[in-house]
Amino acid sequence: MAAPDRVVTRAPADIPLLQASGVSFAYGRMPVIEDVDLRVSPGEFVALVGPNGSGKSTLVKLLLGSLIPAAGEIRLFGVSPRDVHDRWRLGYVPQRPVLGSEVPATVEEIVATGRLARRGWWHPLRREDRAAVRHALGSVGLAEFAERPVNELSGGQQQRAFIARAFASEPQLLVLDEPIAGVDSESQRRFRDSLLHLMHEHGAGVLLVSHELSAVASDLDRVVVLKGKVLFDGPPSKLTDEGVSLGVHPEDLPLWLEGLR
Amino acid sequence: MPWPVSALPYPFELGFMQRALVAGIAVGVFAPMIGTFLVQKRMSLIGDGIGHVAFAGVGAGLIASVWPVWTALAFAIGGALGVEWLRSRRRASGDLALALFFYSGIALGVVLVSLGGGLNASLLTYLFGQPLTVNDSELSVILTLGLGIVASMLALRRVLFAVVTDEDWSRVSGLPVGFVNNVLAILTAVAVVAAMRIVGILLIAAMMVLPVASGQVLARSFRATLRWSIAVSVGSVIAGLAASRFWGTAPGGTIVLIAAAVFAIVAVIRRSVAPRLPATEEVDG
């Protein structure tokens with residue numbers, strides 16, 4: 001019964017990393033998203049945008065398996081999200097991580113937790129794990145902050161630490177939920193560089209949920225506009241044809257999205 | 001007592017002081033070890049809640065003429081898993097879940113004790129701790145349970161850290177969140193019961209939390225917090241036992257007061273020597 005759903009470690013390039021087909025979900029009787037299709041393939045960089053209350057966060061929870069769709073089907077690495085055994089293949093950067101922060105924890109300690117699912121949480125971390133953690137720290141420009149307590153960092157630096165935590169497992173799919181909201185431009189540039197690095201070096205696919213696409217506008221393969229339903233799914237150039245700028249005027253997209261409300 | 005404990009000078013030259021010292025040091029190591037993870041999980045008071053449930057277990061043991069340590073252990077593990085179940089199912093918030101067990105436990109304990117003929121001296125040793133009357137078989141139980149706790153914590157420390165630091169992310173990342181939380185709950189219950197005879201049910205939580213309060217002031221990493229907490233805790237046990245011998249005070253209470261005093265001192269020194277960096281505007285809650 002479970003055998004066909006088993007995940008092999010190396011995903012074939014022709015199977016989408018993430019595929020939602022006709023997905024609907026409602027909180028009680030309030031429909032939140034209806035008949036949503038979404039697809040992220042290996043090496044693809046997809047942005048998911050939408051006005052506030054458009055169902056983006058709900059969709060992310062469905063895609064990750066935290067919620068079960070009322071209708072439709074979600075395949076993560078070709079299987080149902082809850083049947084994915086090698087969860088390290090998924091890197092996840094939450095919107096605003098609620099950290100237990102009573103006890104000081106260094107950036108390196110936080111980022112190293114990203115390696116646990118890959119290594120097997122009952123195994124001690126080995127030299128290559130340490131190297132992967134250092135590599136992840138370097139790719140977000142936090143190498144010199146490794147020994148600093150996370151709560152002494154700025155908001156942008158903290159967010160980069162959480163991105164590094166997701167990088168540490170060298171994921172095949174990265175899902176980022178509003179990772180650069182309110183982050184300074186230096187951090188945004190680092191963020192872009194590290195995403196491109198992950199895509200080019202590891203062939204990973206990226207799903208970025210964000211309003212602020214100016215830093216990555218020229219790198220996106222597709223933009224998906226969500227407002228309960230998918231209003232648009234295509235290359236950014238096609239969105240530009242409709243008069244929406246992602247790059248030159250950073251405020252343009254949020255304004256346009258608000259106009260959809 | 002084997003050498004070198006047997007060769008210790010005053011105030012630890014007598015057999016009962018030496019047994020108290022060995023048992024106390026064991027508690028001094030494993031209580032803050034668990035406590036560091038509980039504090040990070042914002043469940044600092046769970047030791048107290050479990051202590052109250054364990055009190056009901058002691059009452060049950062006294063009625064049933066079973067060694068109360070075993071009944072306390074059974075009640076404490078049941079209570080700890082119950083709190084974790086309520087918390088993880090979001091049936092109740094962490095502190096409300098605690099309160100439910102906390103008050104039911106103490107009420108059940110009072111009822112059971114009244115059925116068993118009311119308060120007696122043996123019950124008081126569980127409530128307030130009496131390390132000076134620990135006998136060899138109790139000492140071996142404390143050491144065995146303590147060794148089990150330390151070994152489990154060392155084996156699970158990385159995944160425990162991930163789960164108590166960011167539970168939602170850990171779940172998405174495929175870490176065994178439910179299993180780890182239940183193991184932590186069970187270890188907390190075992191620690192409460194193992195420490196019960198030393199500091200007493202009413203003060204157990206203090207040894208899980210107060211040294212960690214000092215540790216997180218002194219340290220700048222999770223690992224260092226663990227080490228500092230254990231150092232402060234073991235130091236408080238040794239100083240507390242010695243002080244109670246000098247002045248004839250209750251050992252459990254003296255140990256906890258010293259741990260609290262250490263926190264007051266390190267907090268004041270830390271503040272005057274190296275004030276914490278003010279949070280930048282970008283940092284929020």
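Over how many bridges do strand E1 (residues 18-27) of chain A and E4(A) pair? I looked: five bridges, in the antiparallel sense. Pairing here takes at least two DSSP bridges between two strands, and the elements are DSSP runs numbered from the N terminus, helices (H or I) with at least four residues and strands (E) with at least two.

Ground rules first. I'm reading a predicted model, where local features need pLDDT of at least 70, side-chain atom pairs count only at pLDDT 80 or more, and totals for chains, interfaces and linings use all residues. Residues are numbered from 1 along each chain as its sequence is written, with chains lettered from A and ligands numbered from 1 in the order in which they are written.

Back to the chain A sheet. I find it open, three strands in the order E2-E1-E4, with antiparallel pairing. Strands E2 (30-40) and E4 (71-76) of chain A each have a single partner strand, so each edge strand has one side without a neighbour in the sheet. I noted an average twist of 25 degrees from one strand to the next. For a bridge partner of A:Ala20 in E4(A), I get A:Ile74. Helix H1 (residues 56-64) of chain A packs on this sheet and touches E1, E2 and E4 of chain A (contact: C-beta atoms, placed from the backbone, within 7 Å). Its direction makes about 120 degrees with that of E1(A) (axes are lines fitted to C-alpha atoms, for helices over the stretch in contact; angles run from 0 to 180 degrees between N-to-C directions).

Confidence check: I see ipTM 0.88 and pTM 0.88. Chain B averages a pLDDT (predictor's confidence in each residue, 0 to 100) of 89.

Note on methods
Two residues are in contact if their C-beta atoms, placed from the backbone, lie within 7 Å.
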